[in-house]
Amino acid sequence: MDRKTAISVRGLNKVYKLYDKPMDRLKEALGLSRKKRYKEHYALRNVDMEIRQGETVGIIGTNGSGKSTILKIITGVLNPTSGSVEVDGRISALLELGAGFNMEYNGIENIYLNGTMIGFSREEIDRKLEGILEFADIGDYVYQPVKTYSSGMFVRLAFAVAINIDPEILIVDEALSVGDVFFQAKCYHKFEEFKDMGKTILFVSHDLSSVSKYCDRVVLLNRGEKLAEGLPKEMIDIYKQVLVGQYAAHDASAHGGNLLEDEQVSNAARQAAGSAVPDTAKAESGQAVPEKSREEAETTGSDAMASHGSVLEYGTRQAVITDYYITDESGMHTNAVLKGSRFSVHMRAVFHEELPAPIFACSIKNALGVEITGTNTMVEKAFLEPVCAGAVKEAVFTQRMDLQGGEYLISLGLTGYEGDRFAVYHRLYDVMNITVISDKNTVGYFDMNSEVMVKDG
């Protein structure tokens, strides 16, 4: 193994035998059956992954994609069916918090029990005990049997033990959102400390904002297979396609393998912030844009969009977004907006089929791909009507700009419900950039517009 590689996974397979009846399992175990009485289920199939020292790598995927399975194999909880896993460094794993706790022991005794299981001497645990107790912050309950703890106290102690042992590799599986909001903040602060210290972190979460914020690279799993690997923003966009069953409509080779090595896709993603389809290029540069006629919209559809490689788009195309642009409070087309002023995001769509109640959506991300805000016509109760085939509709989202100064990306969507089924007719990710011009930036993503007064007491 390369000195700079912390975790190396090669050709990893994990197969479970699924039996129709318990008796079939027993017959096979006793050698009483000559025929195969089980079906093979691949929790992981031929997965390759390499994590370098000091990297923070995220793993995302739908439920049942193999995320927790691969973590358990890396940490030694499960054995692979085939393939190899090499780990260089002491691991602390936040998988099933409290696993290994003895419910009859008190908190102190369980701290020493868990520390010994991880491989620490009593003297080493003595030195870490104060930090663990301070982090858990459960007071004198630490001297009571764990079985008397509330679920919140139990989780706090388990997390404190797992994260305060100074590992070289930290593996986290959906464990950062435990306890109350104050404890969650403490957990994320500790996580950031690990990242700043150059620790290797493997992170599994359904919280896409956290994945986007913390991870240097993301691996996308689907049904046990590695679907793609690359920058967080790119992987999250593909994951959203997988969630609505739209990824299969694309050429898998365009996103397969390692996107960090796919120059064409990476360049396209970088250009997305400053690019637009031909009809909106003038709008974003502040030039006037002529209104499209209904006939032009119906004939061109998304042809211009399809030729624009920088925009990630997908959908059934029962309805298509044909035009989009931003206007300031004076109605001028622009992509630069003054903080505190009002602005509008416009999107026009052509409907190729009759749809029961289409939903127009608009969202804003920062440059890291973290979704800052967004809304849609269903949430706003602005449009809940059926639309006939051949109709052209324009949705306008008008709001005050309270984001901090900087660069942001706008995504648009046209979706709907057909009975109980959620359908994506057309989505455009990071289709426009917007620059917020500000002479006063406060803390965080947006300005609270506080009125501050200091007076004599």
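User: What share of the protein chain's contacts with a separation of 6 or more comes from residues 24 or more positions apart?
Analyst: 71%. Contact means heavy atoms within 4.5 Å. This is a predicted model: local features need pLDDT of at least 70, side-chain atom pairs count only at pLDDT 80 or more, and totals for chains, interfaces and linings use all residues. Numbering starts from 1 along each chain as its sequence is written, and side-chain values use heavy atoms, with hydrogens and water left out.

User: How much of the chain is buried?
Analyst: 48% of the 457 residues. Buried means under 20% relative accessible area (1.4 Å probe, protein chains only).

User: Which residues have the most contacts inside the largest nonpolar core?
Analyst: Ile60, Tyr149 and Leu157, in a core of 48 residues. Such a core joins buried Ala, Val, Leu, Ile, Met, Phe, Trp, Tyr and Cys through side-chain atoms within 4.5 Å. Helix α5 (residues 151–163) gives the most to this core, nine residues. Helices are DSSP runs of H or I, at least four residues; strands are E, at least two.

User: And what does Tyr149 touch?
Analyst: Among others, Asn106, Ile138, Phe154 and Leu157, leaving out residues up to four places away in sequence.

User: Switching to the open sheet. What's the strand order?
Analyst: β5-β6-β7-β3-β8-β9, with mixed pairing. Pairing takes at least two DSSP bridges between two strands. The edge strands are β5 (91–94) and β9 (225–230).

User: How many bridges join β5 to β6?
Analyst: Four, and the two strands run parallel. Alanine 93 has isoleucine 171 in β6 as its bridge partner.

Notes. Buried means under 20% relative accessible area, exposed over 50%, partly exposed in between (1.4 Å probe, protein chains only).
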